[in-house]
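Subject: Handing over the structure

Dear colleague,

Here is the structure I promised to pass on to you, with my notes on what was found in it. Please keep it open beside you as you read.

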Amino acid sequence: MFLPWFDSDEHDFSYVSFTDSFDYHISESLFHTPVSFISPTQLYVDPVLIKWPLDPFAVCQHQVGDCTIVSSMISCANHEKRFKKPLISGILFPQKSGRPVFNPAGKYIVKLTFNGIPRKVVVDHRILVNRSQNPVTVSSRNNGELWFCQRNCRISRMVRSTHRR
C-alpha cells in the first residue's frame, strides 16, 4: 500500500540506517549466477543520485528486460533535459537546493503518481548485483550514478504490489 503524498514527506528523513522491508521475490532462476543486494557505497567510491547534467542516454540495461520501464525513464530524462521540467529530479527525495542528493542512511522517497494520485514510495538504496558485483538491473554508464536503479526498482515495486491485489 502506498500512502498519498504530502508536502511534508519531502523532509521525512533521518540519518538512521534504513533497509526497505519489501520482498522483491527475486528468483535466481532469472539469472545465470547468484544475486544479492548491496549498498552503493560497497560498489562505488562516490555514489550520487544524479550526475549533472542529467544524461538520459547513460542507461545500461543488463540481464533483466524491463524495456517499457527503461524507455519511459529515458523519455522522461530526455524531456527534463530538453524542456527543463523536473520529471526525474523533481520526484526523488531527499533534495538539497532542488536537486536529489545521496543519503548515506539509505532512505529515499520517490513521488510517483498512480491512478491520478501522487503516492509516497519509501525505498532504500540497495542495488541488485551478481557474484562479480555487477548490477543486474538497469544502471548508469556514469560511474556511481543511482537514479536509474532507484526509479526502475520503485516502478516495478508499485506495479507488482498492484497486481497482487
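Helices (H or I, at least four residues) and strands (E, at least two) are taken here as DSSP runs and numbered from the N terminus. In those terms the chain has three helices and nine strands, and from the N terminus on its elements run β-α-β-α-β-β-β-β-β-β-β-α.

Before the details, please note that this is a predicted model, in which local features need pLDDT of at least 70 and side-chain atom pairs count only at pLDDT 80 or more, while totals for chains, interfaces and linings use all residues. Residues are numbered from 1 along each chain as its sequence is written, and side-chain values use heavy atoms, with hydrogens and water left out.

For the chain as a whole, 44% of the 165 residues count as buried, where buried means under 20% relative accessible area, exposed over 50%, and partly exposed in between (1.4 Å probe, protein chains only). The chain exposes about 9,100 Å², of which carbon and sulfur atoms supply 53%; such areas come from the Shrake-Rupley method with a 1.4 Å probe, and for residues only the protein chains shown count as cover. Taking a contact to mean heavy atoms within 4.5 Å, 69% of the contacts between residues at least 6 apart in sequence join residues at least 24 apart.

Which strands make up the open sheet? Three strands form it in the order β3-β6-β7, with antiparallel pairing, and two strands are said to pair if DSSP finds at least two bridges between them. Strands β3 (92-93) and β7 stand at the edges with a single partner strand each, so one side of each is left without a neighbour in the sheet. Between strand β6 (residues 108-114) and β7 the antiparallel pairing extends over seven bridges, and R119 in β7 is the bridge partner of L112.

Strand β7 (residues 117-123) also holds K120, which counts as buried because its relative accessibility is 16%. The side chain of K120 is joined to that of D12 by a polar contact of 2.9 Å, meaning a pair of N or O atoms within 3.5 Å; within protein, one must be able to donate a hydrogen and the other to accept it, and residues adjacent in sequence count only if both atoms are side-chain atoms. Not counting residues up to four places away in sequence, K120 touches several others, among them W5, D9 and I109.

A search of the whole structure finds one aromatic pair. The pair is formed by W5 and F93 and is tilted, at 5.1 Å centre to centre with 35° between the planes. It links distant parts of the chain, W5 being in the segment before β1 (35-38) and F93 in strand β3, 88 residues apart.

As for cysteines, how many disulfides does a search of the whole structure find? It finds zero, a disulfide being a pair of cysteine sulfur atoms within 2.5 Å. C60 counts as buried at 17% relative accessibility, whereas C76, at 22%, counts as partly exposed.

Lastly, S132 is placed in the loop between β8 (127-130) and β9 (139-140), and counts as exposed because its relative accessibility is 54%.

Definitions and conventions. Rings of Phe, Tyr and Trp (its six-membered ring) pair if their centres lie within 6.5 Å; planes under 30 degrees apart count as stacked, over 60 as edge-to-face and the rest as tilted.
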